[in-house]
Amino acid sequence: MGDSFYIAVGTFIVETDTTLRLDGDAGEQGVPIDWERNFGDDNVNRFRLDGFWRFGDRHKLRALVFSSSRSASRTLDENIEWGGDTFQANATIDGKIKFSIYELAYEYAFMRRENYELAASLGLHYLDYEATLQGNAIAAGTAETADIEEAGSVGAPLPVFGLRGTWLLSQTFSIDVSGQYFSLSYGDYDGNIQDYRALLNWQPRSWLGIGVGYDRFAVDLDVDSNNFKGRMDWSYKGPMIFYSVSF
């Protein structure tokens, strides 16, 4: 409970739910794509790093890095309107998604006892998202078919508020439950971000900790920026396992 530094590295076995719409620059509205139905999860990489620095009895600085990428090739069974271009049915299309989140937050323990701690946090997420389709398509504003690569990307700083509870079950076992939420309607962005997590950690040594847990993260945004005009509705949920160091 009183360690100054904590670092955890983990991965996920998750279920994702992704719906994307990319509008054209000339105002053509794209068609929402159910990414899992159309492309699945052939090649997936996921990684998460969490850590904190306790710089006072009740004060922490927390950091988070999450990265997920996936790609697949599929033969479409229907046309897809994406970024003003029309990707053709019966053509083989490559789909790629890259998603990263970086968070830095200040956390204050408003209730702290020998075996539990309750804290509130205020921080900033930076969301970096890119979705790409490549294949046979009719280019926007033409009747010509060509091999086209069309990408939409979002880079958005999103404030976030959170609550966290940590309970020490014994000298080596602890439970950590947290929730973060923020709703935003400003400038190019309108939507919300949510992150809910429950963890069980076994830390028999300062250099050896093993944990399991469940995490649900969701982003729901309407975006009207230079690089992405449309809608992004993305979430993952599922079990995670991690290795931790505490000192």
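In the protein chain, 64% of the contacts with a separation of 6 or more are formed by residues 24 or more positions apart. The structure described here is a predicted model. Its secondary structure consists of 1 helix and 14 strands.

The overall dimensions and the surface were then examined. The C-alpha trace of the protein chain extends over about 70 × 35 × 20 Å along its principal axes. The chain comprises 247 residues, 45% of which count as buried. An accessible surface of about 12200 Å² was computed for the protein chain, and carbon and sulfur atoms contribute 54% of that area.

The pairing of strand 2 was considered in detail. Strand 2 covers residues 15-22 and is joined by 8 bridges to strand 14, which covers residues 229-246. These two strands run antiparallel. Within this pairing, Glu15 has Lys237 of strand 14 as its bridge partner. Strand 2 is also paired with strand 3, formed by residues 33-34, through 2 bridges. The arrangement of strand 2 and strand 3 is likewise antiparallel, and Thr19 is placed opposite Asp34 of strand 3.

Notes:
Residues are numbered from 1 along each chain as its sequence is written. This is a predicted model: local features need pLDDT of at least 70, side-chain atom pairs count only at pLDDT 80 or more; totals for chains, interfaces and linings use all residues. Side-chain values use heavy atoms; hydrogens and water are left out. Helices (H or I, at least four residues) and strands (E, at least two) are DSSP runs, numbered from the N terminus. Buried means under 20% relative accessible area, exposed over 50%, partly exposed in between (1.4 Å probe, protein chains only). Contact means heavy atoms within 4.5 Å. Accessible areas come from the Shrake-Rupley method with a 1.4 Å probe; for residues, only the protein chains shown count as cover. Two strands pair if DSSP finds at least two bridges between them.
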